[in-house]
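Work through the exercises below with the sequence and the model open. Each task is followed by a solution in steps.

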Amino acid sequence: MKTSDLSIPEPVKQILIKSGVVELYPPQKEAIKAGALEGRNLVLASPTASGKTLIAEFCALKHVLEKNGKTIYLTPLRALASEKYEEFKKYTSIRKPDGKRVRIGISTGDYDSTDQWLERYDVIITTNEKADSLLRHRAKWMDEISLVVADEVHLLNDSERGPTLEVVLARLMQINPDIQVLALSATINNVEELAEWLKAGYVTTEWRPINLKEGVALHEEIQFKDGDSKKIDRKSRNSSINLALNTIKSGGQALIFASTRRKAVTLAKNAAVEVEEILSKPVKRALKRDADKILAAGERTRISEMLAELTIHGTAFHHAGLGSRHRRIIEDSFRHRKIKVLTATPTLAFGVNLPARTVVIQDYKRYEPGYGYYPISVLEYKQMAGRAGRPKYDKVGEAILTARNSDEADYLMENYILAKTERIWSRLAVERILRSHVLATIAADFAHTERGIYDFFGKTFYAYQYDIKTIKSVITKILKYLYDEQMIDVCRDNIYATKFGKRASELYIDPVSAVIIRDGLRGEPAYLTDLSLLHMIAHTPDMAPKLRPYTRELDQVEVFMEEHKEELLVNVPDKWEDRMVYEELLGEIKTAMVLKSWVEEMSEDELIERFRVQPGDLYRAIQNAKWLLHATHQLALLFDSKKMLPQTLKLMEQIEKGVKKELLPIVKLEGVGRVRGRILYNAGYKTIKRIKHAAISDLVSLPLIGPRLAKKIKEQVGGFVKKEEWKKLEKGEEWEQKDLTQY
Ligand SMILES: Nc1ncnc2c1ncn2[C@@H]1O[C@H](COP(=O)(O)OP(=O)(O)OP(=O)(O)O)[C@@H](O)[C@H]1O
Ligand SMILES: [Mg+2]
């Protein structure tokens, strides 16, 4: 089956053929035969790299160009959303029947918005959570969606992210019963079940365009599934590194999955020395430029310095503790074949296309706080392994598990490489998770009676797999809670959301968080300070994960809590009587301490050192805090809590920028972050007016402000830059370096 023979719009064919897609892969043919192009619902369950996205592209463009429809493409991760966005962008040159060009949009942030602007887009790429939040706002344009693509749909099985995807799919099918559903999945054991739930046909294949040689390495010898074996050189004590070096020598790159962040970092460090020896001069120069980019992307910290240093040596690590800008630089550098060895936690396990000829899975066990070590699932192993041998980049692929002894080698061969992937199960019926979905069902007018609510949840994958009775009892409990907290009210047989309930649902916060905030707004601590608010938001379940104190820090956090007891909106329980609550509270206090230090302008590096918090976790806490303070401000408006209004707004702005109040006016300027803001302020430029009257050469004489930025600042404040003066500055030497840095 050739691309040119397909019944898809001509310009789509042209673009695809130009990009090298001439002949369809067998799973793609099967999907076409199963009616994907005729609008049939379909679960496409096929191995990694088998080209599932292409079917989504065909269907999406068919909807847009032939059916006047709209597509929403759901992904579980932001990184995957951006990769798909890049892939879809190739179609923006095509014109629709109305003469306008096809528009591809991406939306992954801000959960309290209908994103009206998305209405103009034809294909919208988004995360499951963002789609859920849009549904809670009942964004009007969502009624026009005629195709939903659920990528990595097997993640329904994930206890945290699965339920959101499940509810989003059920809601979209409710809003538009004619919607076409295309679910893309790894090979799983119960495809039929999933398909039946989605009223879909299904295609399963075992085909992969690039042969993936799976094997187990023991003492520098790999035993492959197909009976082959291979010896590799021993250069390092770590066999994962030896496997990686072996690949680099044959011109490939390696991705090593480690079970913890710390292990990923150590591995990258140990690999660096060996990898550097094999790098060519041009690659070294290019790596140096990437290292400079890392240092310029945000404040300098010991972590960014370490990452930059490793990058120079052709290795890097990638995990959720890194900021997203750094992650992107690393991904790009690996993609452009500069970084040779990348070590990662499972942050890179799903869907992404990378030039990893070899994937090494160093550890088949994973540690989860509270659970201890457990072996990963076959499904997860297959996902990680599947990052190797992607058609765009490599002609062969290897996925290697490492074993410590022969028993373990046998175990790995049998239980991962030769094993079948598991069934997937719905994870929906957990009170903590279901709470906000029940409220949203009522608040966004999806149902107004108890019966209607049960009917909706009766259409979920959970109800399909289990029994509506189990989920019913959880829902009943939740309805009672929502009623007691005045988020819903009942009028005869009708249930409706109160203003409070409706706003809480739109704000995309857990009902429990909304109740904590509401009570906080009414509370009267002895002293109401910024710390009171920071702790209040840290106390909500939406501040997750909390930054827990490490052992040696415990005393310090306890002392701090004792000293600030009177500012807190909750009572501190007795340490010995209620140990669990007490420990939980310490985590909240530490989170509040970190946030407080952030708005007191402690440098990122000091935060990392003092609190042992990693940048990625710090940014997540900051993002969460900003979102919860937005929610607090909105609820203060709703409850007319005048005393809280200015304080919540200011604190939210401070959290966003990481500055004291006095810097707020000047950090509003583009190009001025917390570091430069402080430099300007301390040099006497305390107000916009002062900056307006400053001579540009004076601004340039300050650290970290180059001529280009100084000009940009002056332009923003309505100041004037003389031509001669500018010419003179333009010749200056430091100009590039100073302006490149982003803080
Ligand atoms: N018919 C084709 N001809 C040539 N290349 C193709 C074809 N179909 C897909 N590809 C390429 O194959 C690569 C893998 O495709 P894709 O990312 O869709 O895989 P996938 O099945 O979604 O894998 P995963 O399960 O890992 O997400 C892409 O780079 C894509 O451009
Ligand atoms: Mg995919």
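**Exercise 1.** Are α23 and α25 roughly parallel or roughly perpendicular to each other?

*Solution.* The model is a predicted one. Begin with the two elements: helix α23 covers residues 579–599 and helix α25 covers residues 615–638. Their axes come within 11 Å and cross at roughly 85°. Angles of 65 to 115 degrees count as roughly perpendicular, and α23 and α25 are therefore roughly perpendicular to each other.

Next, list the residues that make the contact. From α23 these are Val594, Leu595 and Trp598, and from α25 they are Leu618, Ala621, Ile622 and Ala625. Sorted by class, the contact of α23 with α25 has seven nonpolar residues, no polar and no charged ones.

**Exercise 2.** Classify the aromatic pair of Tyr25 and Trp207, and state where each residue lies in the chain.

*Solution.* The structure holds 13 aromatic pairs. In the pair of Tyr25 and Trp207, the rings are 5.0 Å apart centre to centre, with 50° between the planes. Planes under 30 degrees apart count as stacked and those over 60 as edge-to-face, with the rest tilted; the pair of Tyr25 and Trp207 is tilted.

Now place the partners. Tyr25 is in the loop between α1 (10–18) and α2 (26–33), and Trp207 is in the loop between β7 (201–204) and β8 (212–218). The pair links distant parts of the chain, 182 residues apart. Tyr25 counts as partly exposed at 25% relative accessibility, and Trp207 is partly exposed at 29%.

**Exercise 3.** Which charged ends sit over the rings of Phe224 and Phe639?

*Solution.* For Phe224, the charged end is that of Lys213, 4.7 Å from the ring centre. For Phe639, the charged end is that of Arg522, 5.3 Å from the ring centre.

**Exercise 4.** Asp445 and Tyr508 have positive phi values. Is each of them buried or partly exposed?

*Solution.* Take Asp445: phi is about 60°, although the residue is not a glycine. Asp445 is in the loop between α15 (431–443) and α16 (450–457). Its relative accessible area is 47%, so Asp445 is partly exposed.

Then take Tyr508, also not a glycine, with phi near 60°. Tyr508 is in the loop between α19 (499–506) and α20 (511–522). Buried means under 20% relative accessible area; Tyr508, at 11%, therefore counts as buried.

**Exercise 5.** Which residues does a cis peptide bond join, and where does Pro545 lie?

*Solution.* The cis bond joins Ala544 and Pro545, with omega about -10°. Pro545 lies in the loop between α21 (530–539) and α22 (554–563).

Terms used:
Residues numbered from 1 in each chain as written. Chains lettered and ligands numbered in written order. Predicted model: local features only at pLDDT ≥ 70, side-chain atom pairs only at ≥ 80, totals over all residues. Heavy atoms only, no water. Phe/Tyr/Trp six-rings, centres within 6.5 Å; stacked < 30°, edge-to-face > 60°. Helix = DSSP H or I, 4+ residues; strand = E, 2+ residues; numbered from the N terminus. Buried < 20%, exposed > 50% of the residue type's maximum accessible area, 1.4 Å probe, protein only. Lys NZ or Arg CZ within 6 Å of the ring centre and 35° of its normal. Axes fitted to C-alpha atoms, helices over the stretch in contact; angles between N-to-C directions. Parallel < 35°, antiparallel > 145°, perpendicular 65-115°, else oblique. Contact = heavy atoms within 4.5 Å. Nonpolar A, V, L, I, M, F, W, Y, C, P; charged D, E, K, R; others polar.
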